[in-house]
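Please read the points below with the structure open beside you. They are meant to be checked one at a time.

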Amino acid sequence: MNNIQRGALAALLIVIVVIAALAPAGIGFLFAQRSQQQEQSERLNTVANAALYRAEDLTRRLSGALGEIGKVAAAPCSPPYLKELRRIALTHEQVRDAGAYDRDGRWQCSSLLGAVSAGVLDGLTLPPPDWRSRDGVMAWYGLARLPGGKVSLVMGRDGFYIAADPSLYVDSLDPDGDPAGGVGIINTDVSRVIATTPATDAAAVLAVYRAPPPARDDDSPYIVRRSASMPLAVVVSAPHQSLRQRVRTLPWGWLLGGVAAGLACAGWAAFFIVRRLSPRGQLSDAVRRHQFIVAYQPIVDLATRRCVGAEALVRWKYHDRIVRPDHFIPLAEHRGLIQAITDQVLDTILLELGDFLKRYPEYYVSVNLSAPDLTTHRFLEVLGPALARQGVRPAQIRIEATERSFLDADAAKEVISAFREAGHAVYLDDFGTGYSSLSHLQTFRIDGLKIDKSFVDTIGQDAASSSVASHIIDMAATLDVQVIAEGIEREEQAAYLHARGARFGQGWLFSAPLSAAEFIRYAGRMRGA
Ligand code: C2E
Ligand code: CA
Ligand code: CA
């Protein structure tokens, strides 16, 4: 993987993790918002219903009081009449004042101030009413200069009136003590605002009334409700929440749930991606998907140059690249994947060369084993039956073991002798590169050793080290073990090694590692030669 691909992958990873984190958090946020809107809409509805109920009730009571004045038999503004007015004002707690006026709207008397002759109401005239019903009831909204002071709502009919405090329409609308926002009451016949809660702007209430939000719009901060029986409507607006209130009323459950789910998803995505992209993850994948192929490097008899067998060398087919074993065998050993790889190498050998080996019993294939395969009998138990099924002789599969695989020397010794008893020759690989090759040669009873390429490389170059190969060959002869020289690239190396007594060799001089088909052709050519 080059740097650009790595960068692109890292970017992709970040994008996926961010999406994984944001999606549930976003959904949580949307739900939170939705639930907050629904709650607000429910609150607005409740307040609107209460406000409308109260407005209708108040209107009914005021009309009732007005009706009672109409029934008073005494002459208008006479002492018994005034007495009746006072009784009516007293018995109707919503009524602040009651009184009478003449045809021209001039004040005649009031329950609070008595007859006009007292001088206080002199010359006071009612303006034209703000509203007039079909049955003669009139209303004045917001008359200021009236008995009792303050702004009053006045309802009148046939020369008598009652006055009330308009804030009665809107007070105590919010039993929770939670500011309900604004409430405004409107006379729909004349589109006049009758009353509003203190901080509410009448013009704004009217504007909302004139352009009401759609009925099913849950996120509108307003609601308009009309009375079915009276020319009344209420407009309720949601409270303006401070930031702190907003935060307090947020549905934290949804929000935190979403964020927690987001973090969990992000963590999972990151873990999954990192695992998949890590060398270990990719190697596990490769094992699962059988992405290994085998190359066969011919081993030749140095005297005749005839092919006697091949070493199986595993490769990882990673997309369209071939990865060399040095790049993944150490990781596979470290991560416990090597045994599965060994099994796949064996399967491949038998699949590709099984028939060939059965037909030509003089050829063998040697397999490289790592420490785990040399500490237990597991591979041997896989190998025996597999060869029997294919009709391949045990001697046709040989074992190569490096010093590195002798970590547990006792176990290795035991397993090596089991391989040999089963008929598999065992070779000590990379001979001379470790610290104790010699002692191993004495401890383990083996069939041969492979002279490492580094000693073959120096042949003919540097007299001192080139003799190492020669010494190894002598020693092998003394111990009566076979020698295979590795990495022979030049003719003079082959000639030298042969002259010193090495029987077999392997290297580019003869052939690079080949595919199975190429190897079969190569062996055939050698036979024919
Ligand atoms: P090795 O067993 O010493 O294998 C010989 C290596 O030298 C191979 O490299 C081969 O391709 C290379 N080679 C052969 N002739 C020449 C030559 O003339 N010149 C040069 N420059 N190189 C030559 P490869 O295939 O990369 O294998 C590297 C190592 O990976 C092997 O070293 C072996 O220790 C290990 N290995 C390969 N296959 C397996 C396997 O199936 N299982 C295990 N456990 N290890 C394996
Ligand atoms: Ca080897
Ligand atoms: Ca070797």
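Leaving aside neighbours within four places in sequence, which residues is Phe292 in contact with?

1. The model is predicted, and the points below should be read with that in mind. Once its neighbours within four places in sequence are set aside, Phe292 is in contact with Leu283, Ala286, Val287, Val314, Arg315, Trp316, Phe328, Ile341 and Gln344. Select Phe292 in the viewer and find each of these residues in turn.

2. Phe292 belongs to the largest nonpolar core, which has 79 residues. Six members touch the most other members of this core: Phe292, Tyr296, Phe328, Phe419, Leu449 and Leu497. The element that gives the most to the core is helix α8 (residues 338-359), with nine residues.

3. How is the protein divided into domains? The domain assignment gives domain 1 as 45-240, domain 2 as 243-277 and domain 3 as 280-528. Taken over C-alpha atoms, the centres of domain 1 and domain 3 are 107 Å apart.

4. The largest pocket has a volume of about 1000 Å³. Its lining is made up of 34 residues, and those nearest the centre of the pocket are Glu311, Leu313, Pro325, Asp326 and Asn368. Two or more lining residues come from each of β13 (307-318), α7 (329-334), α8, β15 (364-369) and β17 (426-431).

5. Which element gives the largest share of the lining of the largest pocket? Strand β13 does, with five residues. Sorted by class, the lining holds 13 nonpolar, eight polar and 13 charged residues.

6. Most residues other than glycine have a negative phi. Asp158, which is not a glycine, has a positive phi of about 50 degrees. Asp158 is placed in the loop between β6 (152-157) and β7 (160-164). Is Asp158 buried or exposed? Asp158 counts as exposed because its relative accessibility is 65%, and the cut-off for exposed is over 50%.

7. The second case is Ser191, again not a glycine, with a positive phi of about 50 degrees. Ser191 lies in the loop between β8 (182-187) and β9 (192-196).

Note on methods
Residues numbered from 1 in each chain as written. Chains lettered and ligands numbered in written order. Predicted model: local features only at pLDDT ≥ 70, side-chain atom pairs only at ≥ 80, totals over all residues. Heavy atoms only, no water. Core = buried A, V, L, I, M, F, W, Y, C linked by side-chain atoms within 4.5 Å. Buried < 20%, exposed > 50% of the residue type's maximum accessible area, 1.4 Å probe, protein only. Helix = DSSP H or I, 4+ residues; strand = E, 2+ residues; numbered from the N terminus. Contact = heavy atoms within 4.5 Å. Domains from an automatic or database assignment. 1 Å grid on protein atoms, 1.4 Å probe; cavity = no way out; pocket = protein on both sides within 12 Å on 5 of 7 lines; lining within 4 Å. Points joined across faces, edges and corners; volume = space filled by probe spheres on them. Nonpolar A, V, L, I, M, F, W, Y, C, P; charged D, E, K, R; others polar.
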